[in-house]
Amino acid sequence: MADQEARETPTPTPAAPPAAPRPKQVSHRGRSAGAKVSSNQQEGKVEEFEPFMLLPRGPPPLKEFLDIWDVNVLKGPQEMNKQAHHTHLYSSELLIVRRAQEFQIKITFDRPYKPAQDKFAVEFVIGPSPQYSKGTYIPVFPTEERQSVWRGRIVETNDNVVTMGITTSPECIVGKYMLFIGVVTPYGIRRTRRDPKSDIYILFNPWSPADPVFLDDEEEREECVMNELGIIYHGAYDDVSERAWNYGQFEFGVLDACLFIMDKADMPLSNRGDVIKVTRVASAMLNSRDDDGVLVGNWSGDYTYGVPPTSWTGSVEILLDYAGSRGTPVCYAQCWVYAAVFNTFLRCLGIPARVVTNFFSAHDNDGNLKMDIVLDENGKLDRNRTKDSIWNYHCWNECFMARSDLPPGFGGWQVVDATPQETSDGMFRCGPASVAAVKHGQICYPFDAPFVFAEVNSDVIFYRRQKDGTLEVVKVNQTHVGRMVLTKAVLHDGRRDITDQYKFPEGSPEERRVLEKAEEFGCQREKASLPQADVEVEIPNLDVRVGDNFDVTLQFKNNSDQRRTADVYITGTVVYYTGVPSAEVVFKTPKVKLEPLQSVDEKVLVKGEDYMHKLVEQANIHFIATGKIKETGQIITAMKVITMHNPKLIVKVTGSPRVSEEMYVSVEFTNQFKFSLENVDLRMEGPGIMALKRKQYSLIAPGTSITWTETFSPRRAGSTKLLASLDCAALRQVYGETELTIQQ
């Protein structure tokens, strides 16, 4: 019987490994005297009456002492505080001011204030455990004799009303403070009740010379702090595309979302007055790789469980989604989305910032200044052994700050990058790295300067792989990487080329000295000196619309006085904008004969039907021509990224452009392709005039048009834009915009 039972017992299937238990929150007891103070949202309890002595029967009657009837923080958008502090555009009913600059509050007492006998203080409290020594509890006194780290003065006394001026310190914590008025009595301190309506946000101040983010250029401040609209550049350096973006740093809820990001990072409150620490923490928190940060990166082309990166039109929805879900990362982002949302974070907190695009940006896998491209012995590209990638473009941010931790001269614009590429101090982040340090090769200075230096200064090295596996350097291209660095121009929609802020001119003595300096700090460069090839090949740029047939022209030039024969390999590969190959669409092997001092053009036809079904987002085809000169054995190479141009949306506005007046906006699109567009997502928004609106179409058949009309009522006057995007699996990056000026 036992044997039968044993035989009939089924063999157990291996159980799935148990889910890893969530780590328990271990108490801080025994390790520190109190929990880490890293939340701006948690409020410490502030007693309405704080006795100086034991009072067994509670506080005595305090009627003969000064009492507070009202506190007015003058928080209206047209009142002096927000106007003087350049915070009038924030959609918030609370007072928002900037550091190191006076703001005023009006206090109404129950009788006229008598300086000789009445003692009171305005108390600012931030976080759950306020302490004077940590900068989380700051009393501000009205008299010169008694001052704390923040200064106070009586501006005006009018009967029972005292107007008090308060100047915060230039190093104070950036965040949301509670405000109390405390009156000293012989028995203790009597305070006003907790009133959330009198809370005050304190931000960085680029208008104050005392603040480390001071930017001494009013137009730059207007662009890099106050402008809600941006332009992000993409495409190729000789065929630049651009798209508008709504940073929306003043929209309702965005400031709270930015403060929540620092809370989610568990950043100590006492560090939040240091712009270097704030930007470094935010650089890690904008991506979700190791800390459940704001955005999930996705370069795969499959966006089933989120929003495609090409579909976003602004930062507001992303930040509000993240804060509203209490820290669930938002799907999905690529480099320009990381840079744009990071730009919103920086500008919202008062740090001057701009989005920068580096064309042909090196992402080096082994930490040297060499991007390795491997050819076989006949000069044909070996994709399996070519691992380094050159991004067609890469977006990062620059923010403006003094760098007291570095020698003089290295303050100013600093690179910060939230796109998760490499770890820095164990987390996916980058910067702040001084742009001046990168330009001068001083890459020993923190943070992450060697990585940024390599992004703009790497050489492209072509190797020929011999049969025995050894690699021989056959060509070095020193000018391909970091070809151009662009950002938006100040206060208009043009471009600003800032390549000269990152590097000296190619081939100049200064550039040579910089590279020698970088080598002293550990960067490796290719030293091979190769004879100049007497045959050159170039691929000129083309303007191609998605779906068109086109000819790629290879221009050969024989500079020698002898005949030359070139065995050429031409490869056209659909690539992601990160340089990663997806599918080959062209492979030709012409033999080109060149007479002495002759130029010859070789054309290669590329048909729309060959590439359309293989295109990935951003529609890039990377052409590489490599070849071997029969007579000399020399290798010739040329590279060109052809960026397909997508159709555009037509955005039209009708109605009277006035505040609170109803207006209409329509978005028009025609499907010019021979295939249907399915599950099409349309988005539209405009800062200050229209919150994000979405519409979906299940199908847009070939040759058909759609028109989507919405109403909106502008909330404020001024020049602005309405932005729209269309996105589906078969067609990405279709944008449109229109400018309008709203009257009061």
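1. Two strands are said to pair if DSSP finds at least two bridges between them. In this predicted model, strand β23 (residues 459-465) meets that condition with β24, since the two are joined in the antiparallel sense over 6 bridges. Within this stretch, R464 stands opposite E472 of β24.

2. These two strands belong to an open sheet of 3 strands with the order β17-β23-β24, and the pairing in this sheet is mixed. The edges are taken by β17 (370-375) and β24 (471-477), each of which has a single partner strand, so one side of each is left without a neighbour in the sheet. On average, and with direction ignored, neighbouring strands here are turned by 30° against each other.

3. An open sheet of 4 strands, in the order β2-β4-β8-β7, has antiparallel pairing. Its edge strands are β2 (68-72) and β7 (151-158), and each of them pairs on one side only. Neighbouring strands of this sheet are turned by 25° against each other on average, again with direction ignored. Strand β4 (residues 102-109) runs antiparallel to strand β8 (residues 161-167) and is joined to it by 7 bridges, and the residue that F103 stands opposite in β8 is I166.

4. Which residues touch the most other members of the largest nonpolar core? In this core of 70 residues they are L295, W336, V337, F345 and L349. Helix α7 (residues 335-348) gives the most to the core, with 11 residues, and at least three residues are drawn from each of domain 1 (49-203) and domain 2 (218-521). Apart from this core lies another, of 60 residues, which includes V604, M612, I706 and L740. In soluble globular proteins, nonpolar side chains tend to be buried together.

5. W336 deserves a separate look. Leaving aside residues up to four places away in sequence, W336 touches I232, R243, W245, P309, T310, Y393, C395, Y577 and Q618. With Y577 in particular, the ring centres are 5.8 Å apart and the planes stand at 65°, so the pair is edge-to-face. The pair links distant parts of the chain, 241 residues apart, with W336 in helix α7 and Y577 in the loop between β30 (564-575) and β31 (581-588).

6. A search of the whole structure finds 24 aromatic pairs. One of them is formed by F109 and Y113, whose rings are stacked, at 6.0 Å centre to centre and with 25° between the planes. Are these two residues buried or exposed? F109 has a relative accessible area of 0% and is buried, while Y113, at 9% relative accessibility, also counts as buried, because buried means under 20% relative accessible area.

7. Most residues other than glycine have a negative phi, and most peptide bonds are trans. The peptide bond from C331 to Y332, however, is cis, with omega near 0°, and Y332 is found in strand β15 (residues 330-333). The bond from G431 to P432 is cis as well, with P432 lying in strand β22 (residues 430-434).

8. Positive phi values occur at D425, near 50°, and at S660, near 70°. D425 is in the loop between β20 (423-424) and β21 (427-428) and is exposed, with a relative accessible area of 60%. S660 lies in the loop between β36 (650-654) and β37 (663-670), and S660 is exposed at 58%.

Notes. Residues numbered from 1 in each chain as written. Predicted model: local features only at pLDDT ≥ 70, side-chain atom pairs only at ≥ 80, totals over all residues. Heavy atoms only, no water. Core = buried A, V, L, I, M, F, W, Y, C linked by side-chain atoms within 4.5 Å. Buried < 20%, exposed > 50% of the residue type's maximum accessible area, 1.4 Å probe, protein only. Domains from an automatic or database assignment. Contact = heavy atoms within 4.5 Å. Axes fitted to C-alpha atoms, helices over the stretch in contact; angles between N-to-C directions. Phe/Tyr/Trp six-rings, centres within 6.5 Å; stacked < 30°, edge-to-face > 60°.
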